[in-house]
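Hi,

Here's the structure I promised to pass along. Have a look, and then read on for what turned up in it.

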Amino acid sequence: MKVVVLSSQKGGAGKSTLAINLAAQCASIGGNKSVILDLDPQASCRVWAAQRAQTLRAHAISGASQSSPSHIRGLKVVAGDRDHLRSMLQTHKADGATHVFIDLPPQNKKWFRQVFQLADLILLPVRPGFFDMVSGFDTWQLVEDRPLRWVVNAAFDDVSQPDSVARVVQGELNRTMKCLDTLISNAAEWVMSVGAGLSVPEYAPGSLAAQQLRSLWTEVDSFPEIVVKHRYG
Ligand SMILES: Nc1ncnc2c1ncn2[C@@H]1O[C@H](COP(=O)(O)OP(=O)(O)OP(=O)(O)O)[C@@H](O)[C@H]1O
Ligand SMILES: [Mg+2]
């Protein structure tokens, strides 16, 4: 079972949005079962899950003749308990989960160190801006021997252009900590899908946002599981 943690001191960087969409993208692939452990008191992922349950229920009531808005099975969102994280991971593993995504609050607390120790990969979403970049370095201090990657999110210009701000930021970040290659553009689908209780590919399958999510997922899933004896306690 792989554990991916989403963290950033800066609020609104895209942690919850990416956690939801990566977990859904993961679960859309046959054989995968993903769980989001929501460790943020704001409970964004749980709010999305409640909306999702309502959307799927409304669809079921509206009649079997319409095709389901989602074929995604095996996606769970639960409240995380930071004092019992290891045993929670054990339980989900025993339950057949293949991937766990941990959504952290927008802070940089000492206890994050213990969460990072349980991770196979730590993702640091960052909006393309100077203050945003600076805030990431504090998180870096808390990470010991786990892979950590920036993800440039909500790029406001055309990322296909070599001189786009997102690419410039990516280049700068790569000089110290590594960035994933995929750049995520600022797009309405990331916002609207959450409101509908759906993932981006469910909401707008042919969109650039869906394409970027697939690319992001491929990169994320290429990181191996770190096999450390008794990692979950
Ligand atoms: N790529 C994107 N394009 C457009 N809007 C986005 C994108 N990513 C995130 N958003 C929007 O930005 C806002 C913040 O995103 P999100 O809540 O995922 O960030 P967060 O890092 O989890 O925030 P917090 O630190 O408060 O937990 C939300 O309204 C979300 O819909
Ligand atoms: Mg959040």
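Below are my notes, starting with the ligand and ending with an arginine.

First off, keep in mind that this is a predicted model.

Ligand 1 sits in the largest pocket. There are 20 residues around ligand 1, and those that come nearest are K15, S16, T17, R127 and N153. By type, the shell splits into nine polar, seven nonpolar and four charged residues.

Helix α1 gives the largest share, with three residues.

The backbone of S16 has a polar atom 2.9 Å from an oxygen atom of ligand 1. R127 uses its side chain instead: a polar atom there lies 2.9 Å from a ligand 1 oxygen. For D40, an N or O atom of the side chain is 3.4 Å from an oxygen of ligand 1.

Now the arginine, R52, which you'll find in helix α2, residues 44–61. Is R52 buried or exposed? R52 counts as buried, because its relative accessible area is 9% and the cut-off for buried is under 20%. If you want a sense of distance from there, V220 is 168 residues away from R52 in sequence, and their C-alpha atoms are 24 Å apart in space.

Cheers

Notes. Residues are numbered from 1 along each chain as its sequence is written. Chains are lettered from A and ligands numbered from 1 in the order in which they are written. This is a predicted model: local features need pLDDT of at least 70, side-chain atom pairs count only at pLDDT 80 or more; totals for chains, interfaces and linings use all residues. Side-chain values use heavy atoms; hydrogens and water are left out. A residue is near a molecule or strand if one of its heavy atoms lies within 4 Å of it. A polar contact is a pair of N or O atoms within 3.5 Å; within protein, one must be able to donate a hydrogen and the other to accept it, and residues adjacent in sequence count only if both atoms are side-chain atoms. On a 1 Å grid over the protein atoms alone, a cavity is a set of points where a 1.4 Å probe fits but cannot get out, and a pocket is an open set with protein on both sides within 12 Å along at least five of seven lines; lining residues have an atom within 4 Å of a point. A molecule sits in a cavity or pocket if more than half of its atoms lie within 2 Å of its grid points. Helices (H or I, at least four residues) and strands (E, at least two) are DSSP runs, numbered from the N terminus. Ala, Val, Leu, Ile, Met, Phe, Trp, Tyr, Cys and Pro count as nonpolar, Asp, Glu, Lys and Arg as charged, and the others, Gly among them, as polar. Buried means under 20% relative accessible area, exposed over 50%, partly exposed in between (1.4 Å probe, protein chains only).
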